[in-house]
Amino acid sequence: MRISELLKSTPELLRSSVLPALVAFAIFGAVGQALAFDDKVFDDKTGVKPQSSPWAVFQFGFSAYKNGHKEQAAEAYKYAAENGQIGATWKLARMYAEGDGVARDDYEAFKFFSEIVDQDVEPGSPEESYVSDALVALGDYLRKGIPGSPVAENEVAAQEYYMRAAANYRNPNAQFEMGQMFLKGEGGVKASVKQAGRWFQLAAEKGHAGAQATLGHLLFQSGKIVRGLAMMTAALERASPADQPWIRGMQEEAFAAAGEADRRTAISLADDILTKGTTNAEQ
């Protein structure tokens, strides 16, 4: 299957948040070929061989990473990135951002993410997921700044990066962040519950648990008790371990305030949401 066909058949949430890893896996195939390019592009003593194909080095880096040879992977990714492989740049950015195989360095990650968003990648391109993810990462960094680096806190710039990812690439994480900014009046935008709800709805439709929970909370506060509680309950089931604490606190507070009949109806509706994936706030 061609990558373009894979993109069309992949749910939007995966395209915009998880797809970089899936694209890499689809390109490189089974990891059983680990280090198959070793004798052609990489030497254990001298590193990447001169005049190696950037694409082959990128493939080697992927195999090395999957097999735990992260120092070799980082070296291979650096060579591939310097020679135009945007996927290698993204992998390096993530490694530095997470301290994965290299010493954590947020400023180094910021620079690699910046290189990615400077690329001329059109929406719909097989590489759009790298740009989309990088835009959100830059927004996150600019929202708080990076201590000890030239990157200062700049909420307006953060909002601009989120907006690019949310509007151009329909990234659910960016749409959630735009919802938060409109809800709080941050990043140079005027506070608007209506605009916030619009962005939360778009992200929730793609399975973003945080957006679904926050939208449910807004509905609950507006008097749509059952629908709001149901959405928060469903979101709690879908949430990642990192998001579960704040979503649970929100859901439990609403659950305690609701009447017994509304609780039972909401639980039933939450099951329906989880089964059918329905998140439309108007339903």
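Which residue forms a salt bridge with aspartate 106, and how far apart are the closest N and O atoms?

## The pair at aspartate 106

In this predicted model, the partner of aspartate 106 is arginine 104, and the closest N and O atoms of this salt bridge are 3.3 Å apart. Arginine 104 is exposed, its relative accessible area being 58%.

## A link between helix H5 and a loop

Aspartate 100 and lysine 70 also meet through their side chains in a salt bridge, with an N to O distance of 2.5 Å. Because lysine 70 lies in helix H5 (residues 70-82) while aspartate 100 lies in the loop between helix H6 (86-98) and helix H7 (106-117), the pair ties together parts that are 30 residues apart in sequence.

The two partners can also be described by their accessibility: aspartate 100 is buried, with a relative accessible area of 15%, whereas lysine 70 counts as partly exposed at 28%. Aspartate 100 is classed as buried because its value of 15% falls under the cut-off of 20% relative accessible area.

Within helix H6, arginine 94 and glutamate 98 are four residues apart, which is about one turn of the helix, and they form a salt bridge whose closest N and O atoms are 3.9 Å apart. Arginine 94 is partly exposed, with a relative accessible area of 23%.

Terms used. Residues are numbered from 1 along each chain as its sequence is written. This is a predicted model: local features need pLDDT of at least 70, side-chain atom pairs count only at pLDDT 80 or more; totals for chains, interfaces and linings use all residues. Side-chain values use heavy atoms; hydrogens and water are left out. A salt bridge is a side-chain nitrogen of Lys or Arg within 4 Å of a carboxyl oxygen of Asp or Glu. Helices (H or I, at least four residues) and strands (E, at least two) are DSSP runs, numbered from the N terminus. Buried means under 20% relative accessible area, exposed over 50%, partly exposed in between (1.4 Å probe, protein chains only).
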